[in-house]
Amino acid sequence: SDQVNSLALVRLSVSVALFVLAALLILPNLGVNVIGLVAGLGIGGIAIGLAAQGIFRDLFAALSILFDGPFRVGETIRFGDATGRVEAIGLKTTRIRSIDGDQIIMSNDKLLDLQIRNLNGIAERLVILNLPLHYANDADAIASLPEKLKLVVEGVKYCRFDHAVLTDFAHSAITLELMFHVTRGAAEARNDARHTVMLSVMRCLKEAGVAFYAPESDTV
């Protein structure tokens with residue numbers, strides 16, 4: 001869990017700090033010239049420090065993720081051009097299961113450099129359906145659609161109707177824009193609601209005697 005990971009990182013950081021402090025206190029009592037030892041490390045110490053920079057950056061990034069909480073294990077995030085579910089937050093890397101099933105292993109420091117969108121923080125989702133209506137449809141039948149579609153959307157769980165309006169005389173069809181909100185933020189809820197609304201819209205238009213435009217209908 002996140003708390004377990006946080007405690008592990010804190011214990012590691014504290015342990016390292018205490019070890020260094022203890023060494024600085026004990027070595028002089030053993031007759032070791034600490035100042036001379038540090039000076040003797042010279043370039044080697046600098047090289048080690050430079051090599052450890054990446055490790056410490058990832059460690060501090062992990063602490064930032066766990067304490068600041070931009071995302072947590074189990075949440076779905078979008079970063080760069082990838083989307084996935086966070087499986088684990090480690091000392092150096094974060095492991096994410098992409099929507100394609102691949103496991104993405106990202107350096108904590110590099111991950112925080114990207115713009116991260118936490119999809120679990122979405123309260124509701126907007127859905128827009130553009131319905132292509134055939135020009136041969138009766139205008140009065142089309143005029144009755146907004147009220148009918150409002151009832152369709154309001155009859156689907158977690159859906160809130162926004163509008164249904166004609167938006168364009170396209171080359172081959174009249175476009176009617178149906179917009180509604182899904183009041184549960186999960187992507188799965190949005191997909192289920194959209195699926196149900198689309199099926200209901202098809203039934204609604206059939207009952208209203210309004211036909212969708214289809215390429216093959218041009219030859220009829």
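Helices (H or I, at least four residues) and strands (E, at least two) are DSSP runs, numbered from the N terminus.

Figure 1. The model is predicted, with local features needing pLDDT of at least 70 and side-chain atom pairs counting only at pLDDT 80 or more, while totals for chains, interfaces and linings use all residues. Residues are numbered from 1 along each chain as its sequence is written, and side-chain values use heavy atoms, with hydrogens and water left out. Of the 220 residues, 31% count as buried, a term that stands for under 20% relative accessible area, with exposed meaning over 50% and partly exposed in between (1.4 Å probe, protein chains only). The protein exposes about 13,800 Å², of which carbon and sulfur atoms supply 60%; these areas come from the Shrake-Rupley method with a 1.4 Å probe, and for residues only the protein chains shown count as cover. Among contacts (heavy atoms within 4.5 Å) between residues at least 6 apart in sequence, 57% join residues at least 24 apart.

**Figure 2. The aromatic pair of Tyr135 and Phe169.** Rings of Phe, Tyr and Trp (its six-membered ring) pair if their centres lie within 6.5 Å, and planes under 30 degrees apart count as stacked, over 60 as edge-to-face and the rest as tilted. The count by this rule is one aromatic pair. Tyr135 and Phe169 form this pair, which is stacked, at 6.3 Å centre to centre and with 20 degrees between the planes. The pair links distant parts of the chain, 34 residues apart, with Tyr135 in the loop between strand S6 (125-133) and helix H4 (139-143) and Phe169 in strand S7 (residues 159-169). Tyr135 counts as partly exposed because its relative accessibility is 37%, whereas Phe169, at 66%, is exposed.

**Figure 3. Tyr158 and the charge over its ring.** Tyr158 is placed in the loop between H5 and S7 and is partly exposed, with a relative accessible area of 35%. Arg184 lies over the face of Tyr158, at 4.8 Å from the ring centre; a charge sits over a ring if NZ of Lys or CZ of Arg is within 6 Å of the ring centre and within 35 degrees of the ring normal. Although Tyr158 is not a glycine, its phi is positive, at about 70 degrees. Most residues other than glycine have a negative phi.

Figure 4. Leaving aside neighbours within four places in sequence, Leu149 is in contact with Leu131, Phe161, Ala164, Leu176, Leu178, Val201, Cys204 and Leu205. The C-alpha atoms of Leu149 and Met179, which are 30 residues apart along the chain, are separated by 10.0 Å.

**Figure 5. Ile99 in the loop between strands S3 and S4.** Ile99 lies between strand S3 (93-98) and strand S4 (103-107) and is exposed, with a relative accessible area of 69%. Leaving aside neighbours within four places in sequence, Ile99 is in contact with Thr83 and Gly84. Ile99 and Arg85 are 14 residues apart in sequence and 7.7 Å apart in space, C-alpha to C-alpha.
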